[in-house]
Amino acid sequence: MAKGELRKDVLKQRAAMLLAQVEEKSATIIKRIVCLEEYIEARTIMAYVDFRNEVRTGALIEHCLGSSKRVAVPITDITNKLLTPSEILHYPEDLAPGAWGILEPAPGCIRPVDPRELDMVIIPGVAFDLNGDRLGYGGGFYDRFLPRTRPGTVFVALAFEMQIKENVFPGPHDCPMHILVTEERVIKFS
Ligand SMILES: Nc1ncnc2c1ncn2[C@@H]1O[C@H](COP(=O)(O)OP(=O)(O)O)[C@@H](O)[C@H]1O
Ligand SMILES: [Mg+2]
């Protein structure tokens, strides 16, 4: 299956990236996001907490907290394939390992946010194409979550250039991105 092969290939390549590269490229990506008009205007933002070699989001979460934005991170319910945004007040103190070892709000720090209150969602992925289509990890978590936001919520995908592919084999349930940010460019899809 082409989609499964692509997922495996990109994850293998991304796992081989050096720590210094991940950190440097992530820093460039976060600098680009904080300059976006859509980000500056957003009051409530949900951002993933990176794991493995995903684009790092720590500096972005800190930027949100330092600029009086409400920032929520996802709580993953593996059984129901559900993401719940939960507001954090302190980073990383409010977080503890959750599903798959990914950091999420610790039991005493859970403050659910209605998805319709989100002005922006920062989304990870395995691969993206130049139409704004996204290949995830295969669980469809974001495809289920994003339709619960409101019209006008901006979907921002973060990726390294090596994750941009010509075709990511989108299907009818796949939720397209509005903006893609890499270490090289910002692409806005209309
Ligand atoms: N909104 C949805 N409602 C129900 N099932 C969904 C929804 N979105 C995705 N799925 C299912 O989740 C599974 C994984 O979706 P896929 O797009 O391949 O994963 P990913 O986006 O993580 O790469 C598919 O079987 C798909 O049918
Ligand atoms: Mg999908």
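Strands (E, at least two residues) and helices (H or I, at least four) are DSSP runs, numbered from the N terminus.

Before you go on, note that this is a predicted model, in which local features need pLDDT of at least 70 and side-chain atom pairs count only at pLDDT 80 or more, while totals for chains, interfaces and linings use all residues. Residues are numbered from 1 along each chain as its sequence is written, and chains are lettered from A and ligands numbered from 1 in the order in which they are written.

**Stop 1: the two faces of E9.** Show the side chains of E9. Val154, Val156 and Leu158 point one way, Phe155 and Ala157 the other way, and all are buried. In a regular strand the side chains alternate between the two faces of the sheet.

**Stop 2: the strands beside E9.** Phenylalanine 155 of E9 is the bridge partner of valine 121. Valine 156 has isoleucine 179 of E10 as its bridge partner.

**Stop 3: the core.** Which residues have the most contacts inside the largest nonpolar core? Ile122 and Val156 do, in a core of 45 residues. Such a core is a set of buried Ala, Val, Leu, Ile, Met, Phe, Trp, Tyr and Cys residues joined through C-beta atoms within 7 Å. Strand E9 (residues 154-158) gives the most to this core, with five residues. Centre on valine 156: leaving out residues up to four places away in sequence, it touches Ile33, Met120, Val121, Ile122, Ile123, His178, Ile179 and Val181. Contact means that the C-beta atoms of two residues, placed from the backbone, lie within 7 Å.

**Stop 4: ligand 1.** Now select ligand 1 and the residues around it: Leu135, Gly136, Tyr137, Gly138, Gly139, Gly140, Asp143, Arg144, His173 and Asp174. Each has its C-beta atom, placed from the backbone, within 6 Å of the ligand. Colour this shell by class and you get two nonpolar, five polar and three charged residues. In this scheme Ala, Val, Leu, Ile, Met, Phe, Trp, Tyr, Cys and Pro count as nonpolar, Asp, Glu, Lys and Arg as charged, and the others, Gly among them, as polar.

Stop 5: Go to strands E2 (residues 70-77) and E3 (residues 82-88), which pair in the antiparallel sense over seven bridges. Threonine 76 stands opposite leucine 83 in E3. Four residues separate E2 and E3 in this hairpin, and lysine 81 in the turn has a positive phi of about 50°. Then find proline 92 in the loop between E3 and strand E4 (95-97). A cis peptide bond joins tyrosine 91 to this proline, with omega about 0°.

**Last stop: serine 68.** Look in the loop between H4 and E2 for serine 68. Its phi is positive, about 55°, although serine 68 is not a glycine. Serine 68 counts as exposed because 7 other C-beta atoms lie within 10 Å.

Conventions. Buried ≥ 20, exposed ≤ 12 C-beta atoms within 10 Å, placed from the backbone. Pairing = 2+ DSSP bridges.
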